[in-house]
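Take a look at the model first.

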Amino acid sequence: MKQTVYPAKGFTATTKRRITRNEMPREAAAGLHGPRPDAYNPERDNRGLPRVPPFLKPGTGVPGLEIDMAPRTQWLFSTVATKVLVGLTGLSLVGFLCVHLAGNLLLYFGPAAFNAYSHALISNPFVIPLELGLLAIFVTHVLQAATNWWSDRGARPVAYQVKRGAGGRSRKSVASSTMIWTGSVMFVFVAVHIATMKYGAWYPATIHGEDGRDLYRLVREVFQHPAWVAFYVACMAVVGFHLWHGFSSAFESLGLSGPRVTPRVVAFGKVLAVLVGAGFFFIPLYIFFLGGRS
Ligand code: HEM
């Protein structure tokens, strides 16, 4: 294992500035007990809490992303870097969702239109590298968001007894403080969804004279079951809720904020959240109640 090298004792690893007395536990600053005031502990922060979640400890994380290895890797997990990565990957996933929704809206036009679109997608050789890129973006988003949530949680070891919005111009809301939970629901949803749709039954079909897959039939079969419809409808509401705060939060994490820009980004993000959430939300309901087309 490579040893972390710090410029000198008493300097933080990420900003390379000297740790101030305010950043130390009171006992340590007073020199009573605990770590020496100038000692930087790469494992734990000055409140004694782990700097990174246990699931990211070397050997248990994603290969190549292990923490406490080298300063560069530590930067990757510093709060600023994680926020930038969560923002960038989040916006890329929003891009995917918009494209995915546009394709799925073809379900309203019946099997010929939807199957022709999905066949063009599946049979395109560029789709596999794109899917791998999407997977990498998704994994990075989830891991970095979880890391961020973990360290923010560490900054407030005792939970608030009463939670309320900060009022005024603060953007704290139910959507913003539940991002980790709506994100977790989406994580489970995506896993179940891919198993159901991508790796679900393969019904053969002839599409423009070629052998292909009748994905329309699969989607219609899935959305004939009330339990599946309920699951999808609930998850689509969560998708909208996650985007409601996530879109503008990504811009803020990327430093794209200001008194003129932020209100516009927030408003656009909310409109987008409603459109994307509602766009997906009504597909299972349409197929369940109206039977789709044949
Ligand atoms: C009513 C809503 C939805 C329907 C009907 C739907 C339909 C589908 C179908 C049919 C596929 C298989 C495509 C293929 O095999 O090429 C698929 C794949 C996928 N869906 Fe959805 N989807 C919905 C919502 C969502 C949402 C909200 C997300 C993300 C949060 C999502 C993420 C994905 C992903 C990541 C894949 C795999 C893409 C790939 O590997 O090419 N889907 N979806």
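Q: Which residues of H7 are buried?
A: This is a predicted model. A residue is called buried if 20 or more other C-beta atoms lie within 10 Å of its own. In H7, the buried residues are Met 179, Thr 182 and Met 186.

Q: Within what arc do the buried residues of H7 fall, seen down its axis?
A: An α-helix has 3.6 residues a turn, so residues three or four places apart point the same way. The buried residues of H7 line one face of the helix, because they fall within an arc of 60°.

Q: Which exposed residues does the face of H7 turned away from its buried side carry?
A: The buried side holds Met 179, Thr 182 and Met 186. Its cover includes helix H6 (174-177) and helix H9 (226-253). The face turned away carries the exposed residues Val 188, Ala 191 and Ala 195.

Q: Which element gives the largest share of the largest nonpolar core?
A: This core has 25 residues, and Val 219, Val 239 and Leu 243 touch the most other members. Helices H4 (111-122), H8 (215-222), H9 and H10 each give it two or more residues. The largest share, 10 residues, comes from H9.

Q: Is Ser 294 buried or exposed?
A: Ser 294 lies in the segment after helix H10 (261-290). Ser 294 has 8, so Ser 294 is exposed.

Notes
Residues numbered from 1 in each chain as written. Predicted model: local features only at pLDDT ≥ 70, side-chain atom pairs only at ≥ 80, totals over all residues. Buried ≥ 20, exposed ≤ 12 C-beta atoms within 10 Å, placed from the backbone. Helix = DSSP H or I, 4+ residues; strand = E, 2+ residues; numbered from the N terminus. Arc of directions from axis to C-beta. Contact = placed C-beta atoms within 7 Å. Core = buried A, V, L, I, M, F, W, Y, C linked by C-beta atoms within 7 Å.
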